[in-house]
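These notebook entries record what I looked up in one structure, topic by topic. I begin with the aromatic rings and then turn to charges, strands and backbone angles.

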Amino acid sequence: QVQLVESGGGLVQAGGSLRLSCAASGSGYVMAWFRQAPGKEREFVARINWSRSNIAYADSVKGRFAISRDNAKNTAYLQMNSLKPEDTAIYYCAAGRKPSVREVDYEYWGQGTQVTVSA
């Protein structure tokens, strides 16, 4: 069983930046970020494999968000720049065994962290 703990959410003005962190209790997993806005389904944001050779982003965040990881710390990060009000959501960290954009491919999930972007 892998435990994931997110941190770094908060309230920021449009155009601002935030960095989310996800600390994992295990290693070797593909790490991903998903988000769920009020009244909407959860959606894929970004993913990164263990070797950092396979990274993918949702079209809505390309060029603004960057996913990274520190394997020595078993921690993944999501640097979010040029934030927009439509980025407001609960952001979830997930861990799985293969690179995927599908929720069902991720076995472990964090509790989520709220990101609110004001206009």
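**Entry 1: the aromatic rings.** I first set down the rule for a ring pair: the rings of Phe, Tyr and Trp, the last by its six-membered ring, pair if their centres lie within 6.5 Å. The model I am reading is a predicted one. With that rule I found that ring pairs link Phe34, Phe44, Tyr106 and Trp109 into a cluster. The structure holds four aromatic pairs.

I took the pair of Phe34 and Phe44 to begin with. The ring centres of Phe34 and Phe44 lie 5.8 Å apart and the planes stand at 75°, so I recorded this pair as edge-to-face, since planes over 60 degrees apart count as such. Phe34 belongs to strand S4, residues 30-36, and Phe44 to strand S5, residues 43-48; the two are ten residues apart, and the pair links distant parts of the chain.

I then looked at the pair of Phe34 and Tyr106. Their ring centres are 5.5 Å apart with the planes at 75°, so this pair too is edge-to-face. Because Phe34 lies in strand S4 and Tyr106 in strand S10, residues 106-109, the pair ties together parts that are 72 residues apart in sequence. Tyr106 is buried, its relative accessible area being 4%.

**Entry 2: a charge over the rings.** Over which ring faces does Arg42 lie? I found Arg42 over the face of Tyr92, at 4.7 Å from the ring centre. Arg42 also lies over the face of Trp109, at 4.0 Å from the ring centre. Trp109 is one of the residues of the ring cluster noted above.

**Entry 3: the salt bridges.** How many salt bridges are there? The count comes to eight, taking a side-chain nitrogen of Lys or Arg within 4 Å of a carboxyl oxygen of Asp or Glu.

I looked up Arg35 and Glu43, whose side chains meet in a salt bridge at 2.6 Å from N to O. Arg35 is buried, with a relative accessible area of 5%. Glu43 is partly exposed, with a relative accessible area of 35%. Both residues belong to a network of salt bridges that links Arg35, Glu43, Arg64 and Asp87.

I next noted Asp59 and Lys62, which meet through their side chains in a salt bridge of 3.2 Å, N to O. Asp59 counts as exposed, at 65% relative accessibility.

Glu107 forms a salt bridge with Arg97, and the closest N and O atoms are 3.0 Å apart. This pair links distant parts of the chain, with Glu107 in strand S10 and Arg97 in the loop between strand S9 (89-96) and S10, ten residues apart. Glu107 counts as partly exposed at 41% relative accessibility, whereas Arg97 counts as exposed at 59%.

**Entry 4: an open sheet.** I recalled that strands of a sheet pair through backbone hydrogen bonds, either parallel or antiparallel. In which order do the four strands of the open sheet run? The order is S1-S3-S8-S7, and the pairing is antiparallel. The edge strands are S1 (4-7) and S7 (65-70), each of which pairs on one side only. From one strand to the next, the twist averages 15°.

Within this sheet I examined strand S3, residues 18-24, and strand S8, residues 75-80, which pair in the antiparallel sense over six bridges. Leu18 stands opposite Met80 in S8.

**Entry 5: positive phi angles.** Most residues other than glycine have a negative phi. I noted two residues with a positive value.

Asn74 is not a glycine, yet it has a positive phi of about 50°. Asn74 is found in the loop between S7 and S8, and it is partly exposed, with a relative accessible area of 23%.

Ser82, likewise not a glycine, has a positive phi of about 50°. The loop between S8 and S9 is the place of Ser82. At 41% relative accessibility, Ser82 counts as partly exposed.

Terms used. Residues are numbered from 1 along each chain as its sequence is written. This is a predicted model: local features need pLDDT of at least 70, side-chain atom pairs count only at pLDDT 80 or more; totals for chains, interfaces and linings use all residues. Side-chain values use heavy atoms; hydrogens and water are left out. Rings of Phe, Tyr and Trp (its six-membered ring) pair if their centres lie within 6.5 Å; planes under 30 degrees apart count as stacked, over 60 as edge-to-face and the rest as tilted. Buried means under 20% relative accessible area, exposed over 50%, partly exposed in between (1.4 Å probe, protein chains only). A charge sits over a ring if NZ of Lys or CZ of Arg is within 6 Å of the ring centre and within 35 degrees of the ring normal. Two strands pair if DSSP finds at least two bridges between them. Axes are lines fitted to C-alpha atoms, for helices over the stretch in contact, and angles run from 0 to 180 degrees between N-to-C directions.
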